[in-house]
Amino acid sequence: MTDPLALDPVLAPEERTPVPSREGVTPDAWVERFEAHVAAGHKVEASDPMPDEYRTAVLRFVEMHANSELMGVLPEREWLMRAPTLRRKLALTAKVQDEVGHAQLLYRIAEDLGKSREAMFDDLIDGRTKFHNVFHYPTRSWADVGIIAWLVDAAAIVAQQALRDSSYGPYARTMRKICWEESVHIMHGRDVVLTLVTGTPSQRAAVQDALDRWWGPLMQMHGPRSPREKDRDLHWRIKAKTSEELRQEFLTIYVPRLLELGLVIPDPALRFDEASALWQYTEPDWDELRTVVTNHGPMSQARLDFRRLAREETRWVRESILAAPRPAPRVA
Ligand SMILES: [Fe+2]
Ligand SMILES: [Fe+2]
């Protein structure tokens, strides 16, 4: 579902605060002015001059996001042919299609920052760039499909909503469109989960089993705590919240919803501490996170193999479409 108003128009230079000019200032002084520009909440557009460090940071961030959207469809894709009803199959197909569309939009943004799509695919399938931890795990049952669409997308949207204010204008605008679609994915996931928990005892048990397996990866998803002042992506306002702020937000919204369904969250230490107004929880397994995102997770290689195969099988399409037109033969 796309709301045509979800994407803001690209503002003409005279309608926005322009990025400070480089003329008449030293390179260091210009970087300082650029920092003040983003710190004041102003935007940077693709055609603007930007410090190399900023360009590299936005590119790295958006490329990882694009990779995750692209790889993230594979766990769900495995269930397209096994969806329990035609209605569920249509909904899951639409979600998978949306996620590939998100990857497409994000790769375009990254391309504008100076890295070709071919180079990004090479780096992804050769393991030089990463994708989110949650997409390295198997989907064992239909309940996993519900938990992914509800809770993985929910954990993602908590981060993505904050990205609608990113200092990089094309990314901020694209995130508005993506967030619209993600909110529909969450409703689809919640409906799958709700149907199962109100179904037979074995359906309910399947949801609890899925939650037990996905809780660890979900708690790791936003990454370890890092001090705000040392985070370069926060400094450049590419993102707005720390990993711990995102995890706390996710817990505040979703713990009550899980408990409301009578599900047991597999962490006996999880509780809301009134004094600090923070959730306390068992420390997530950061070793597992590091192992998984470096492509040593249970499904990492199988999913990358699938991407390699798909890339080979569709090579002829790219070569046909992107081939430089040959001049027509001369007629004597
Ligand atoms: Fe997405
Ligand atoms: Fe999604």
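These legends describe close-up views of a predicted model.

**View 1. Helix H3 and its packing partners.** H3 runs from residue 86 to residue 112 and has 27 residues. From first C-alpha to last, H3 reaches 39 Å, close to the 39 Å expected at 1.5 Å a residue. Its buried residues include Arg88, Lys95, Glu99 and His102. Leu92, Leu106, Tyr107, Ile109 and Ala110 are also among them. Just after H3, Gly114 takes a positive phi of about 115°.

**View 2. The largest nonpolar core.** This core holds 63 residues. Val58, Val62, Ala110, Ile147, Leu151, Ala155 and Leu218 touch the most other members. Two or more residues come from each of H1 (27-39), H2, H3, H4, H5, H6, H7 (201-220) and H9 (243-260). H5 gives the most, with 15 residues.

**View 3. Contacts of Ile147.** Ile147 is one of the core residues that touch the most other members. Neighbours within four places in sequence are left aside here. Beyond them, Ile147 is in contact with Val193, Ala210, Leu211 and Trp214.

**View 4. Val293 in helix H10.** Val293 lies in H10, which spans residues 286-296. Val293 counts as partly exposed because it has 19 C-beta neighbours inside 10 Å, and a buried residue needs 20 or more. Leaving aside neighbours within four places in sequence, Val293 is in contact with Lys130 and Asn133. Glu14 is 279 residues from Val293 in sequence. In space, Val293 and Glu14 are 43 Å apart, C-alpha to C-alpha.

How values were computed. Residues numbered from 1 in each chain as written. Chains lettered and ligands numbered in written order. Predicted model: local features only at pLDDT ≥ 70, side-chain atom pairs only at ≥ 80, totals over all residues. Helix = DSSP H or I, 4+ residues; strand = E, 2+ residues; numbered from the N terminus. Expected span 1.5 Å × (residues − 1). Buried ≥ 20, exposed ≤ 12 C-beta atoms within 10 Å, placed from the backbone. Core = buried A, V, L, I, M, F, W, Y, C linked by C-beta atoms within 7 Å. Contact = placed C-beta atoms within 7 Å.
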